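Student: Could we go through this structure together, one question at a time?

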Amino acid sequence: MLLCCAAVPACASSPDHGSHPRKSAAPHHSGRAQSAAEKAEKAARARLLPGMPPPLDPQDLYAADRPNKLSRTVKGFPSRVYVPNTLSDTVSVIDPKTYKVVRTIQVGHQPQHVVPSWDLKTLWVNNDLGNTLTPINPKTGRVGRPVDVHDPYNLYFTPNGKHAVVMASKDRALVFRDAHTMRVVKSVPVTCFGVNHADFSPDGRYFIVSCEFSGELLKVDTARMKVVGQQRLPLAGAMPQDVKISPNGKTWYVADMVANGVWVLNGDTFRRPRLLPTGKGAHGLYVSRDSRTLYISNRGEGTVSLLSFKSGKLTDRWRLPGGTSPDMGGVSSDGKVLWLSGRYNGEVYAIDTRTGRLRARIPVGGGPHGLAVYPQPGRYSLGHTGIFR
């Protein structure tokens, strides 16, 4: 099924980078040999996935995500928190200024995540058991016609914006689709169970996927659309969830609900990871606006652990009061609030990132899951609840 650009806002060919211009190539100086740094930069650019915007800062993958540095594409979009309620088949829309639900949108069966498109212009609601994606225009709030997509548990976009990657958990497949029309390009069967979350390497050449029901990780070649590595985590009953790469691109973190911590992995070598305990039911992973801290939601004990990217160690743990189940979410545009869904409590939490204090708990529908805070800083989206670079 093809969608015209007038009907679905995601049909733009590329995002407007706005206040985040690409770095220009090093100028040519006649009669002067290239420096080692210039040669290294040229080599790094040559390794990028074709069509992928070069990183603003090779030493910080999240350099485009600084507080309130919104792309021109999303400037003027109303600030909202979009909450998919898996048990209610709805999306609750929260005004972050008032902490109030201002709208409830009926969507397909069992919405799991609200995912920003690569070009930042559309929010896709993943109706897993409804086998559809519901597009929402975040500028106008208009809800578009659902698109038929089978088993869309989660959704990602390749760094060049060419393909959407559907995590088809029940179908046991990674389905590469056209990023704009959602037409199937290639379905890649997998031998693990429960493909779930992912993140991409700095050059975009590969991505790592968690398989929650078989305790495995996959390494996937982006351009070839092929699984090139697979390993079982070294813990009986392991249940890997969210995946996030460090700002310098050298370390991967994989939350694990059963291991009660995060696995620390070298994605290039893809060798056996080590476990860093964080808290019971470790689930979601979110990067602070200054690229210094990883927020880890521990769903089973109602806490959020803080990890320093510089030291690789935990620096704090915030306990949310009153029986909570912090799950998925994102960081506010200004970096001052961490928003998380309360999966088993029918509520959403707004947490002060300076103090760890719970600012608000907001009643929503049943089974709130992968909420999206939108808009957020960044040039383009890699999917999930908002991975921006």
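The questions below turn to one serine and then to one strand.

Tutor: Keep in mind that this is a predicted model, in which local features need pLDDT of at least 70, side-chain atom pairs count only at pLDDT 80 or more, and totals for chains, interfaces and linings use all residues. Residues are numbered from 1 along each chain as its sequence is written, and side-chain values use heavy atoms, with hydrogens and water left out.

Student: Is Ser-246 buried or exposed?

Tutor: Ser-246 sits in the loop between strand E16 (240-245) and strand E17 (252-256), where strands (E, at least two residues) are DSSP runs numbered from the N terminus. Buried means under 20% relative accessible area, exposed over 50%, and partly exposed in between (1.4 Å probe, protein chains only). Because its relative accessibility is 4%, Ser-246 counts as buried.

Student: How many residues of strand E26 are buried?

Tutor: Glu-347, Tyr-349 and Ile-351 point one way from E26, while Val-348, Ala-350 and Asp-352 point the other way, and all are buried. Strand E26 (residues 347-352) is therefore largely enclosed by the rest of the structure, the number of its buried residues being six of the six.

Student: Which residue in E27 stands opposite Val-348?

Tutor: Two strands pair if DSSP finds at least two bridges between them, and five bridges join E26 to strand E27 (residues 358-363), the two running antiparallel. They form a hairpin with five residues between them, and Gly-356 in the turn has a positive phi of about 80°. Opposite Val-348 in this pairing stands Ile-362.

Definitions and conventions
Helix = DSSP H or I, 4+ residues; strand = E, 2+ residues; numbered from the N terminus.
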